[in-house]
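I opened the file to look up one residue, then its surroundings, then the overall form. My entries follow the model below.

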Amino acid sequence: MLVVSGATAQTSHLTLDDALTLAFERNPAIVATEYAERAAHRKRQAAIGLFMPKVSVKGAYAHLNRDIKIDFNPMLSSFAPILGEGLAMLGLDLSYTLQRRNTAFLGGDVVLPLFAGGKIWTANKAAKIEEERAQQQSRQVQGTLIVEIVERYFGVELARRGVAIREEAVSVVQQHLHDIALLEKEGMAVASERLYAEYRLAEAERDLQRARLQYETARKALSTSLGTTEVVEPSTPMFLLPKIEPLEYFVAMAELHNPQLGEVERLRELARMNLRLHRADFFPEVAAMGGMVFCNHQLTTLAPRMAVGVGLNFKIFDGLNREYKASAARLQLRQAEALERKAEQDIALLVEDLYNKVQAILATTSAVERSERFGEELLRAKQRAFREGMATATDVVDATLNLSRARLERVQTAYEFDVALARLLNVSGMSESFVRYLKAQRAQSVF
């Protein structure tokens with residue numbers, strides 16, 4: 001639903017689902033990963049072409065400074081004394097033109113690799129791994145974006161709730177300040193009570209102004225993440241869950257689905273393919289080849305018009321270049337394996353840390369809710385006591401601001417839980433499951 005506010009400002013009320021969909025369509029980081037995936041796919045298609053024959057068309061034109069000939073006339077003159085002048089009178093020309101000075105031809109050749117020591121297979125396998133690596137990198141960007149959207153989407157909701165709670169507190173304090181002023185005129189309140197209420201009102205108004213600025217900043221940040229110029233207002237409330245799955249579940253899911261671990265695994269496989277590629281240098285290369293001249297201009301008839309054959313290339317010695325490169329590739333494989341083990345340990349620790357943060361937030365939820373209920377009851381008691389003359393106006397002001405703090409703490413707790421859960425799911429490779437947790441029957445919406 002689109003609501004027009006003022007002459008130019010537009011506000012879109014979006015659910016979290018709609019916000020994520022919009023971000024995946026417009027966010028530049030997602031667009032960049034899509035291009036990266038397509039490029040990796042094209043490279044894989046190019047690697048498949050290594051199995052195919054290479055067909056090329058060649059042409060040339062040449063201008064020589066003279067014709068190429070074989071001349072036997074000098075030999076004829078040497079026979080003249082023996083055969084006599086009669087032979088010379090015949091006017092024989094014993095020269096033969098092998099190639100005219102101007103010539104051109106158009107032809108083609110075909111080369112089909114028969115054996116390359118595994119280089120072609122290895123190149124195709126590496127291209128496939130690179131494509132999978134690009135997909136894992138894309139999943140990392142998507143997971144990071146989901147966390148960012150959750151953080152900024154509910155950040156706007158948190159800021160909006162903060163403004164509303166502070167506006168209510170300012171309104172209540174203003175009303176009590178008015179009551180204190182009336183009581184002071186009648187001699188039923190002292191000036192210190194009015195001064196105290198003015199001090200707390202100024203403090204509450206300062207917090208309200210700060211909250212409004214944070215609200216505007218949060219909305220701009222969300223619009224930036226969504227790739228839109230419209231002002232976005234969340235329509236999905238923050239939520240809390242009574243409990244989540246055990247730690248072992250998230251650790252197991254991270255081992256299977258974490259995109260960073262997936263990328264590290266692909267890097268190890270690429271290092272393995274690199275080693276195989278260098279080992280292939282120790283084998284000969286065999287290829288079938290053929291060529292044909294399609295048309296020509298004054299090309300010598302001695303030149304063949306077609307040829308087929310098999311070629312062999314086997315490098316015997318190259319200054320130990322292959323040996324050292326293969327040794328370096330083996331060391332790079334060992335490095336990749338060590339980095340993979342380190343990444344697995346780091347991810348497991350990160351999952352545990354984020355899980356503990358979620359559990360710590362859940363542990364404080366009941367205390368925060370009790371604090372809010374206590375604040376509401378305390379405010380009612382102070383207001384009733386004030387009407388009966390058993391409490392001062394400053395007591396009511398303090399109770400009002402204490403209730404505001406309790407309500408702010410409750411929405412802050414919900415925000416911290418949602419963000420911590422999104423980060424935990426991201427590290428566990430389940431970022432897309434956040435909406436499922438949001439829509440779970442046991443989820444408690446926080447308004």
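I looked up leucine 112 and found its place in strand S6; strands are DSSP runs of E of at least two residues, helices runs of H or I of at least four, numbered from the N terminus. I noted that the model is predicted: local features need pLDDT of at least 70, side-chain atom pairs count only at pLDDT 80 or more, and totals for chains, interfaces and linings use all residues. Residues are numbered from 1 along each chain as its sequence is written, and side-chain values use heavy atoms, without hydrogens and water.

Next I took helix H7, residues 247-257. Its buried residues are Leu247, Phe250, Met253 and Ala254. They lie on the same side of H7, because their arc around the axis is only 130° (taken from the directions from the helix axis to the C-beta atoms). On the other side of H7, I found Glu248, Glu255 and Leu256 exposed. Among what covers the buried residues of H7, I listed helices H8 (259-279) and H9 (321-387).

Last, I checked the whole protein. I counted 11 helices and 11 strands. The radius of gyration is 42 Å, well over the 22 Å from the globule rule for 447 residues, so the protein is more spread out than a compact globule (C-alpha atoms; the rule is 2.2 Å times the number of residues to the power 0.38). The C-alpha box is roughly 160 × 55 × 40 Å along the principal axes.

Note on methods:
Buried means under 20% relative accessible area, exposed over 50%, partly exposed in between (1.4 Å probe, protein chains only). Contact means heavy atoms within 4.5 Å.
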